[in-house]
Amino acid sequence: MVDSANSYLLVGGYGTGVHCLRYDADGALSPVSSVDIADPSYVAYDSTRGVLTAVVEQEPAGRVASARFTVADGGGAVRDQTDSGGAAPCHLALHPDGTTLFVANYVSGTVAVFALDAEGRVAGSEPAQVIQHSGSGPRTDRQEGPHAHQVVVSPSGRWVLAVDLGTDAVYVYSYESESGRLSAQSHVQLPGGSGPRHLAFHGSGNYFYLLNEISWTVAVCSWDESTGVGEAGPEVPSRAAVDRAASDRAWCAAIRVSADDRFVYASNRIDDTIAVFAVVDDGARLEQIEVVPAGGSWPRDIVLSPDGTLLFCANQHSDSITVFRVDAESGRLTPVGTPYAVTTPASLLPI
């Protein structure tokens, strides 16, 4: 953040460019700068070293691209274009120690590990390690094989969790800091046909909330950070009450936990809604509070502002970002302002 009156939001998507937008206290968005990367569907940012990294979601071979970027100076030329270690990379995560990057490749069902140099950029021309998931699920139209959809570093940095939609599992890998490599530790198995997509940790580190894209549910999973072992628990619907038999396509997308750990938010495509949940029993259960219109078509990603007062929603098919005011007491959402026009937004990152 450059000044106290404004904050900033990075927008990745399909087409050309990672866009940097400014937003004020009322959620009004305005353009600042952009970085010329093709199909940057998900973005990570190293604020300490001023490096922006994005997955280039393409087939048959995806890429990872990085560039120097600061709000004050804008974006520099893209220096690195590295093979992502699979097809259609859709998510990435930086390890807090600043030495390693992890990438989930959706179509190939692989997780790739990259060493980072002293400047925070990918070192070398290929991944240091590629892990191939295997298996399938009962939904042959969506789960004919593994589909790695997200990589998340655990609260202590000791574990890396890879969410696989195709095999109904979350794979847990131990992170070896000296070598920068991953090794299999455990996995969390979901009911067949769940199609897990994204997870978010509760601040206690004792639970994570797993959004299941196909079954349109959120599973509360217990988590032991000391052993790297989790277990799937109770589920709640991510949508308003509907006839499941008449609505077998949900395509849930993104899940976020408020900074105070009191609320969870999840976006639902197809019906274009955002669900709001209350966190109860110290994180062990969720209760649905409301489901509200997203204000656009195909809400691919949602994020909360760092102060928790605003929620931003990237509507991929309507080429827009909608903004909501978050009620601090109830967690409920109220739309504010006019949707901001941007081509095919797919991911949002406050910086």
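Me: How many aromatic pairs does the structure hold?

Reply: The structure holds 7 aromatic pairs. This is a predicted model, where local features need pLDDT of at least 70, side-chain atom pairs count only at pLDDT 80 or more, and totals for chains, interfaces and linings use all residues. Residues are numbered from 1 along each chain as its sequence is written, and side-chain values use heavy atoms, without hydrogens and water.

Me: What makes Phe201 and Phe208 a pair, and why is the pair called edge-to-face?

Reply: Rings of Phe, Tyr and Trp (its six-membered ring) pair if their centres lie within 6.5 Å; planes under 30 degrees apart are stacked, over 60 edge-to-face, the rest tilted. The centres of Phe201 and Phe208 are 5.6 Å apart, so the rings pair. Their planes stand at 65°, so the pair is edge-to-face. Ring pairs also link Phe201, Phe208 and Trp223 into a cluster.

Me: Why is Phe201 called buried?

Reply: Buried means under 20% relative accessible area, exposed over 50%, and partly exposed in between (1.4 Å probe, protein chains only). Phe201 has 16%, so Phe201 is buried. Phe208, at 0%, is buried too.

Me: How do you know that the charged end of Arg142 sits over the ring of Trp251?

Reply: The test asks for NZ of Lys or CZ of Arg within 6 Å of the ring centre and within 35 degrees of the ring normal. The charged end of Arg142 is 4.0 Å from the ring centre of Trp251 and counts as sitting over the ring. Arg239 sits over the ring of Trp216 in this sense, 5.4 Å from its centre.

Me: Which residues does the cis peptide bond join?

Reply: The bond joins Glu59 and Pro60, and omega is about 0°.
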